Amino acid sequence: EELVSKARAPVKRKYIRPAPVPKVSVEKKSKRQLKRERQEEKKSVQNICVAVARAGNVKACTYNGNCRYSHDLEGFLAQKPADLPGQCPFCRYGVACRFAGTHVDTSYEMNGLDKDLQKLIWKNAVTFPKADAQLKEIGIDIPPSKKARDGDVKMNLREKKLIDFRGKLFLAPLTTVGNLPFRRLCKLLGADVTCGEMAMCTNLLQGQASEWALLRRHSSEDLFGVQVCGAYPDMVAHAVELVERECRVDFIDINMGCPIDIVVNKGAGSALLTKPARMQNVIKAAAGTMENPLTVKVRTGYFEGKNSVHSLVSDISKWGVSAITIHGRTRQQRYSKLADWDYIYQCARQAPDDLQVVGNGDVFSYTDWNEHLKDGSNLSTCMIARGALIKPWIFTEIKEQRHWDISSGERLEISKDFVRFGLQHWGSDKKGVETTRYFLLEWLSYSHRYIPVSLLDVIPQRLNWRPPSYFGRNDLETLMASDSAADWVRLSEMLLGPAPAGFTFTPKHKSNAYDRAENG
């Protein structure tokens, strides 16, 4: 009871181990030095031209002498590491593939950025007739350079498509770790609804390939949405029209709750909570442009102790929103303190019948799920975010109504599935393997916080509990429980082979880091 009151995980005493001795830090390389090394590495024999590798012929590259990558095919093959065991999940990389000779052709993704469209975007030659007509309808002026060249377009008023979220297991849009391979994994483990990572409207409208990659969808994602974020009605309306025109999506979500400074300082994300009039115009502009359902994700308010979303709930459906997700914290709270579910229930009870309310915050077990969806909560469903990062099998637990005492072997098999999906998505050449390794490590930086059910004196585990240093039931479970980035790298090497010489890793969300010099 004392441990729980201090948010310390009550691990059984026999599994507790002494805290590791801190390692001596070493001098880090500067960002400029690392950038220079990356540029030099790009020109080395290790980085073979993709066209040359695919064809196995140095004449295949159309850039001739202007190519930035190596054309030394013999030199590349001489230094290429031994192939990884298993079958190749992809076949676009020719001799560069780490599974050479076992290629399997498969097509499984959609929503890619077409090169011709990208060129039109760069030339500012894309028109937005629906968005401009809707912006004119709500009284927002568009600069002449941005207006559609086809003249005024009269909007056809039609019934929007409907989605029933009630009772469905909803995986939240998650930055970095909520990538396509991870969403495939969650679908495999029972998720019903998935949503892509947050994409900035400005970057989409500039044709940035990296931003459009966030919209990609796997065929297994049968109920899929994309999440966009923008500060102004014309920007958001143009982005959603373009996305709906070019991509296959079931709904589009506008992020109005992101607390990150770089987003808020641009007037987007949770900054919109302080500007209700602009928020209304953004929603009306997007909703009037779309045929698919529009959803929004918000926090309870901007300032701590000053919840404000309840004042918007009764009107937001009139603006065109089909569902609203409420994260039970303010912007200033970030992820400190527990989510305020009583306030989420209050908002749900105030919502009109045609607005679905989705609760979000700290769902980490099937008992949490049951508690939040009990009679009287008025919620349609719950969105699961960090709980899925730490244990993606939470969807299985909810569907089977049990606390799964999952073994380390079963967790390793789940990691293997992620690696397989990663190699199919990012590729099976050297770059694809290392990209898969990076995102696997980002996921492991969350999943190590899971404590097996048998090791706890009190179940279920709570999301805010800080795990002590402990021994697992076997060596693999102990390794999976480590908060050391060096141990996460060792786990990645079990699945993807040795990490490259000089490999470094620092998770985006915390300071735990790994490099060869520091960890030996």
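Predicted model: local features only at pLDDT ≥ 70, side-chain atom pairs only at ≥ 80, totals over all residues.

Colleague: What is the phi of Asn111?

Modeller: Asn111 has a positive phi of about 75°, although it is not a glycine. Most residues other than glycine have a negative phi.

Colleague: And is Asn111 buried or exposed?

Modeller: Buried: its relative accessible area is 6%, and the cut-off for buried is under 20%.

Colleague: Which other non-glycine residue has a positive phi of about 70°?

Modeller: That would be Thr176, with a positive phi of about 70°. Thr176 lies in the loop between strand 2 (170–171) and helix 7 (180–188). Thr176 also counts as buried, at 7% relative accessibility.

Colleague: Since you mention helix 7, how do the axes of helix 7 and helix 18 cross?

Modeller: Their axes come within 8 Å and cross at roughly 135°. That makes helix 7 oblique to helix 18, and the crossing is right-handed.

Colleague: Which residues of helix 7 meet helix 18 there?

Modeller: From helix 7 you have Leu180, Pro181, Phe182, Arg184, Leu185 and Leu188.

Colleague: How does the span of helix 18 compare with what 1.5 Å a residue should give?

Modeller: It agrees: the 19 residues of helix 18 should span 27 Å, and the end C-alpha atoms are 26 Å apart. Just after helix 18, Gly427 takes a positive phi of about 110°.

Colleague: Is strand 3 mostly covered or uncovered?

Modeller: Mostly covered: strand 3 (residues 194–200) has 7 of its 7 residues buried. On the pairing side, 5 bridges join strand 3 to strand 5 (residues 224–229), and the two run parallel. Met200 has Cys229 in strand 5 as its bridge partner.

Colleague: And how many bridges are there between strand 9 and strand 10?

Modeller: Strand 9 (residues 356–360) pairs with strand 10 (residues 381–384) over 3 bridges, in the parallel sense. Asn360 stands opposite Met383 in strand 10.

Colleague: What about helix 12, which of its residues are buried?

Modeller: The buried residues of helix 12 are Met279, Val282, Ile283, Ala285, Ala286, Ala287 and Thr289. Their cover includes helix 6 (129–137), helix 10 (233–246), strand 6 (251–256), strand 7 (294–299) and helix 13 (310–316). The 14 residues of helix 12 (residues 276–289) should span 20 Å, and the end C-alpha atoms are 20 Å apart, which agrees.

Colleague: One last thing: where is the cis peptide bond between Ile459 and Pro460, and in which loop is Pro460?

Modeller: The cis bond joins Ile459 and Pro460, with omega about 5°. Pro460 is in the loop between helix 19 (430–447) and helix 20 (475–480). Most peptide bonds are trans.

How values were computed: Residues numbered from 1 in each chain as written. Heavy atoms only, no water. Buried < 20%, exposed > 50% of the residue type's maximum accessible area, 1.4 Å probe, protein only. Helix = DSSP H or I, 4+ residues; strand = E, 2+ residues; numbered from the N terminus. Pairing = 2+ DSSP bridges. Expected span 1.5 Å × (residues − 1). Contact = heavy atoms within 4.5 Å. Axes fitted to C-alpha atoms, helices over the stretch in contact; angles between N-to-C directions. Parallel < 35°, antiparallel > 145°, perpendicular 65-115°, else oblique. Left-handed = near helix turned anticlockwise from the far one by under 90°.
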